[in-house]
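Subject: Handing over the structure

Hello,

I am passing a structure on to you, along with some notes from my first look through it. Please open it beside this email and follow along.

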Amino acid sequence: MEAPPSTPLKRERQPSFLARARGASLAHAKIADEYIKLEQGRSDAAVQMHTGWVLSFVEPTTEFEYALEMDSRRNAKYIMEAAGINIAASVALLVMTANDMQKYTGPDNRFLLVCGILQFMTSFIAIGASNVGVLNETIVISWAFATVVLNILTSPWRASVFYGGDGFELYSGAACDSAILLIMALIGVGVHFFFDVRTSRSMIVPLGTVLSYGALSIPPSMAPEGSFQAIQFTVLLAVIGYVTWIGRYAIEKHDRAKWAETRSLKEQVDKQELHIKQEEKKMAKMKKQMDDMEATLASMEKLEPSNRRVRVDSMEQSTSRSHLAVSRPPKPSPVKELVGIPNPLLVSALKGQCADFAVIKRMATKITSPGYSLSAFFNDAKLAFPELNLFFATDDCKTSSGRSGEVEYQRTIGALFCVYWLMRLDGDGENGFSYGVDVEGNWEVITSPNHRRKKSDGSDDEPPSPSTAKFFHTMSDEEKRFAFKNTMKWNEFSDLVTMAGCHTNDEDGIARTMALLCLTSFHDVFKVEDLLPTCQAEHAPYMGYQEGEIIRDHDVALSYVLIYYEECIPSFQGLPDAAKKAILFTQSKLQFNHGWFVQAEAPPGAMLSTFKRMLSSGGCSSDDVALYFLHWLTDLSGAEATPLGGAEKFVLRFPHHVLSSFLWSIPFLRKLVQADETEVVEEYLTARWKMAHDAGPPVPKGPEAVALLRLSAMTQGNSEVLEAFSCLSEPERLFLGDEMARTGCASQTFRLSPVRGGPAILIYYGPALLQRHMGHKVKTKMAMASLCEVYRAARALWPVETTYNVEDGGAAEGAEEVKESDEAGPMVVAATDLSRPASVTIEIAQLKARIIDDIFMPSYEVRDAWVLVKKNATEAVVELRPTADINKFNADGTTYHVLDFRYILEAKEGEKKVAIEDNGGRVIAVPGRANSKVVD
């Protein structure tokens, strides 16, 4: 267990997690109550209706929707049951008079039969309507009314009276209407309680029943029991009908209110779902843009292979652009493999072959000549560089990149073509770099985006409309080409070529151009895994590889072969010593992340110390630094494996303004030969500020100056981040000013904001966290406060140390030690003690991927917490973890710190925060945050 600091931070007593959770729950409950009240008010407005005899909604459209709802949910089985009862009752009536009906064949008997048959038919019609889904209110009421009338007419007594009889001719039983009355009562009750019929329509049934029975029973001799009894029955039917109708009225009124409320809530839910879908689309679009940006930045970074993104693709899988590829070089004659060397296949594949330096010099001399065509350049390259055959050393070449040997060959030719175009910027280079060449004929340079390029399937692309394009990720390919050609600062490309010493004016320039061409031809050959060398005993250890180990890093493998077996690379062996030294420098492990430098993401020591030591130990010049970046530029330009399509990696896949930023920063990096790391960074930041704020505020000074310069560079000069910084409390500004001004280089400080002590903190993805919320001032302020909280948590895990062991050159003991090789070449780097690192890296990938509101409330269950987890002596990661994991961290002895963003919300409510100072008087924390648990 690591002892706590001798002067622990003074903190106010914080509420427990459960207390904070209860507080959050109460807040959510209050919001929910207000939402319910709001929805209830909306429901009350929607439920307004007329409550007289005709029950209906005030709004006609609402009434119409309710009627449709009634029709859609009407249950068909009830109509079938009611129809079945009616049929059974009709059968019973006919059976009771069956004997009497057989005695007579007069018209009265036939009338009785017809009425009975019609009664059966109405029931079957209702059943059929229910089965085909057209059972509406009209059908239900019509069926009920027809059944009532036919039931009355089916009485034998009335049939006899209709045809002049006295009633007894067909009615021999007891003279009563009991069965008929019972059926009519059942029909009235069934219509009101078994079917969803609106009372404004269903009142027809009881009214029709009373009127029909009264009309057919009250006149003299029409009813078996007489007129007086018929009147009593009529009144009884009226009472039963009214009671059932009133009951249905109450049910419908309640149903209408419930339906209206449900409808209102559903509308709100639909609106919320629509809003969520729209936000998800926006988030998906933003995520895609961020992923594209990260992918392009990652491709610019020269990281270790374990950190690189490997994209698996092949020409066989991407035939749609195969028309932009070139032919293979002629296949060499097979030779017998040798044994007893680092890689027998490497030696045998090039045995007996040599580079044609006369052709290479011709290429370097004529490369700027208008009469030297691309096809001639390509033919010379195939003649001059035997290493191009190494991509086809075996029938099934497997490469470390996951691509085929064919694709790596096309990428290499694409890089050579980009060298060709960059050397010809005064002529057709701009068009060739941007548009490529016509794939048919003599590879004529395309000069307009409206040129119709034939696709591989024979169809034509439509001419682009460059003027309509606004955003890079929304442009078509031809619009991107047009924008690149017309907006790119081509002088930055030509300046880089000049700084690298590549020209055709004298022998030195031609030699440098030859070196660049040779390096480009063989740079990626060791991506072919069958060619990788084995570290020999006399050279071990080499760059971390021991005796007998296969050197699987293709850059390290190339440097190993160039140093110890240069005869295996003919295009390198014949170069002068100065050119060899420059090439070997480009293969050094500089551990330089260009994206960090451009965006001021890292402190000087973390990104430039190794670079500086390599320059100091190798005796390299500023021209060699420029050659390193020129090779990096051309190598990446051809990465799409479409050499005839121009520099498609930069033109079509990479945001143009980002490339401009990279090119603009290179001249500052050249000054690293004479100046130290911090001086280079400070000069770059100052120039970047002046460029971004030409008519704005002057270069800041004082304790917060470097923080403001870095924040401006992180957000590409956006003024919102400066406003967000000013909104922090004074202790927070001072704290952030100190942390962002630490250099990670002992004995070095920024001139504008001198701060000593370390380790310096690198917030990986810090610029992405800020850039994601640009355009929204409140969210930008929250993102700024979040960044400050991450710095504070990191400082809690790595307290400031004013004294620590350092190596010569200003790096802490945790940095890498440089050892010169016995021969000319890249310096071997050996790891040293990391107990006191000069810089530490804090990764916030999860944090920057979240919406800023979610950072303050990770989940509605309030059971997750943001935790900074220490992974090793120099790295920590911000993770969203279940609170139960805190127990695991304690049990495992994991070093961690719980981030508390709650104070940011409190600050918005006016909470006053007091800075805590160390013995030296510097702000080291702000109260109101969560405590850390430091365990070794």
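Below is what I found, going from the whole chain down to single residues.

Please keep in mind that this is a predicted model.

**The chain as a whole**

The protein chain has 936 residues, and 52% of them count as buried. Its secondary structure comes to 37 helices and 12 strands. If you take the contacts with a separation of 6 or more, 73% are between residues 24 or more positions apart. The chain exposes about 42,400 Å², with carbon and sulfur atoms supplying 55% of that area.

In soluble globular proteins, nonpolar side chains tend to be buried together. Here the largest nonpolar core has 175 residues, and Phe493 and Ile842 are the ones with the most contacts inside it. The element that gives the most to this core is helix 33 (residues 777–797), with 11 residues. Another core, of 21 residues, lies apart from it; Ile187, Phe195, Val197 and Leu216 are among its members.

What does Phe493 touch, once residues up to four places away in sequence are not counted? Its partners are Leu422, Leu425, Phe433, Phe484, Met488, Leu633, Leu659 and Leu663.

Leu216, which I mentioned as part of the 21-residue core, is also one of the buried residues of helix 10. That helix (residues 204–217) is mostly covered, with 10 of its 14 residues buried. Others on the buried list include Val205, Pro206, Tyr213 and Ser217. Helix 10 reaches 19 Å from its first C-alpha to its last, which is close to the 20 Å expected at 1.5 Å a residue.

**Strand 7 and its partners**

Next, have a look at strand 7 (residues 864–870), where five of the seven residues are buried. How many bridges join strand 7 to strand 8? There are seven, and strand 8 (residues 875–882) runs antiparallel to strand 7. Within the pair, Val869 stands opposite Val877 of strand 8.

Strand 7 is also joined to strand 9 (residues 896–898), by three bridges and again antiparallel. There you can find Leu868 opposite His897.

**Arg772**

Arg772 is worth a click. The side chain of Arg772 reaches the backbone oxygen of Lys848 at 2.8 Å. Leaving aside neighbours within four places in sequence, Arg772 is in contact with Met283, Met286 and Met290, and also with Lys848, Ala849, Arg850 and Ile851.

**Thr62**

Thr62 is in helix 2 (residues 60–73). With a relative accessibility of 6%, Thr62 counts as buried, because the limit for that is under 20%. Thr62 and Ala260 are 198 residues apart in sequence, yet their C-alpha atoms are 8.4 Å apart in space. With neighbours within four places in sequence left aside, the contacts of Thr62 are Phe57, Trp259 and Arg263.

**Some backbone details**

The one from Ala540 to Pro541 is cis, with omega near -10 degrees, and Pro541 sits in the loop between helix 19 (507–522) and helix 20 (554–564). A cis peptide bond also joins Gly758 and Pro759, with omega about 10 degrees. Pro759 is in the loop between helix 31 (730–740) and strand 3 (760–764).

There is also a positive phi to look at: Trp443 has one of about 55 degrees although it is not a glycine. Trp443 lies in the loop between helix 16 (429–435) and helix 17 (477–487), and it is buried, with a relative accessible area of 17%. Gln716 is not a glycine either, and its phi is positive at about 60 degrees. The loop that holds Gln716 runs between helix 29 (705–714) and helix 30 (719–726). At 45% relative accessibility, Gln716 counts as partly exposed.

Notes
Residues are numbered from 1 along each chain as its sequence is written. This is a predicted model: local features need pLDDT of at least 70, side-chain atom pairs count only at pLDDT 80 or more; totals for chains, interfaces and linings use all residues. Side-chain values use heavy atoms; hydrogens and water are left out. A nonpolar core is a set of buried Ala, Val, Leu, Ile, Met, Phe, Trp, Tyr and Cys residues joined through side-chain atoms within 4.5 Å. Buried means under 20% relative accessible area, exposed over 50%, partly exposed in between (1.4 Å probe, protein chains only). Helices (H or I, at least four residues) and strands (E, at least two) are DSSP runs, numbered from the N terminus. Contact means heavy atoms within 4.5 Å. Two strands pair if DSSP finds at least two bridges between them. A polar contact is a pair of N or O atoms within 3.5 Å; within protein, one must be able to donate a hydrogen and the other to accept it, and residues adjacent in sequence count only if both atoms are side-chain atoms. The expected span of a helix is 1.5 Å times one less than its number of residues. Accessible areas come from the Shrake-Rupley method with a 1.4 Å probe; for residues, only the protein chains shown count as cover.
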